[in-house]
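Thanks for coming. Please have a look at the structure on the screen before I start talking.

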Amino acid sequence: MPAIRILSAEGARAAIPALSQVLVDCVAGGASVGFMQPYGPEDAEPYWRDVADAVATGANLLLVAELDGSIVGTVQVGAAQMPNQPHRGDLKKLLVHRSARGKGLARLLMDAAEREAARRGKTLLVLDTATGSDAEAIYPRLGWQRVGVIPDYALWPEGGFCATTLFYKRLA
């Protein structure tokens, strides 16, 4: 049975090795999430240290999905916004290890992230994802509205430009 948890800064720091493995696997699988191949755990650890620091300040929420006690997925909500956007959050880095896909973890992570964001006063979430990626197909099924596409927004991890698709979701 999968478990979804919200990590404290201390929990995030303790989970850096496992979070790094999830991120490394996703980048190796071609996910355009900000990093280029080759990418190893030593590359991922500074990123996750920064995330833990953001959790400590309240700038980010960090959720993890666990199977059999091991972290196999994660998602973040950027909660700190400019003064004129206190109601908005940025959904970031929905990642599920390839070995754990097909078990509904992305849905569970998203549901939990949306509930927690709403509990913290967020009424609107936004995200972007690589156009044409497997991830792009997930969001409409979860009630997210497609806004449009920006061409040549980023690079695929193995190189070459990719577009990004923007989505939003109003929270009840």
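I will go through the sheet, then the helices, the cores, the cysteines and a few backbone details.

First, the ground rules. This is a predicted model, in which local features need pLDDT of at least 70 and side-chain atom pairs count only at pLDDT 80 or more, while totals for chains, interfaces and linings use all residues. Residues are numbered from 1 along each chain as its sequence is written, and side-chain values use heavy atoms, with hydrogens and water left out.

Two strands count as paired if DSSP finds at least two bridges between them.

Seven strands make up an open sheet, and its order is 1-2-3-4-5-7-6, with mixed pairing. Strand 1 (3-6) and strand 6 are at the edges with a single partner strand each, so one side of each has no neighbour in the sheet. From one strand to the next, the twist averages 25°. For angles, axes are lines fitted to C-alpha atoms, for helices over the stretch in contact, and the angles run from 0 to 180 degrees between N-to-C directions.

Here are two pairs from that sheet. Strand 4 and strand 5 run parallel and are joined by three bridges; Arg88 has Leu124 in strand 5 as its bridge partner. Strand 6 and strand 7 (residues 161-170) run antiparallel, with seven bridges, and Ile150 is bridged to Thr164 in strand 7. These two strands form a hairpin with five residues between them, and in the turn Gly159 has a positive phi of about 110°.

Next, the helices. Helix 3 lies across strand 2, strand 3 and strand 4, at about 120° to strand 2. Helix 5 (residues 134-141) lies across strand 4, strand 5, strand 6 and strand 7, at about 155° to strand 5.

Helix 2 has 13 residues and spans 18 Å from its first C-alpha to its last, close to the expected 18 Å. That expected span is 1.5 Å times one less than the number of residues. Which residues of helix 2 are buried? Buried means under 20% relative accessible area, exposed means over 50%, and partly exposed is in between, using a 1.4 Å probe and protein chains only. Among the buried ones in helix 2 are Ile16, Leu19, Val22, Leu23 and Cys26. Their cover includes helix 1 (9-14), helix 3, strand 2, strand 3 and strand 4, where contact means heavy atoms within 4.5 Å. After helix 2 comes Gly30, with a positive phi near 100°.

On to the cores. A nonpolar core is a set of buried Ala, Val, Leu, Ile, Met, Phe, Trp, Tyr and Cys residues joined through side-chain atoms within 4.5 Å. The largest one has 25 residues, and those touching the most other members are Val75, Leu91, Met110, Tyr139 and Trp144. Strand 2 (60-67), strand 3 (70-78), strand 4, helix 4 and strand 5 (124-130) each supply at least two residues of this core. Helix 4 gives the most, seven residues. A second, separate core has 24 residues, including Ala9, Tyr39, Ala52 and Val55.

Cys26 is buried at 3% relative accessible area, and Cys162 is buried at 4%.

Last, the backbone. Most residues other than glycine have a negative phi, and most peptide bonds are trans. Gln37 and Pro38 are joined by a cis peptide bond, with omega about -5°; Pro38 is in the loop between helix 2 (16-28) and helix 3 (41-57). Asp68 has a positive phi near 50°, sits in the loop between strand 2 and strand 3, and is exposed at 78% relative accessibility. Asp152 also has a positive phi near 50°; this residue is in strand 6 (residues 145-155) and is exposed at 52%.

That is the end of my part.

Key
Helices (H or I, at least four residues) and strands (E, at least two) are DSSP runs, numbered from the N terminus.
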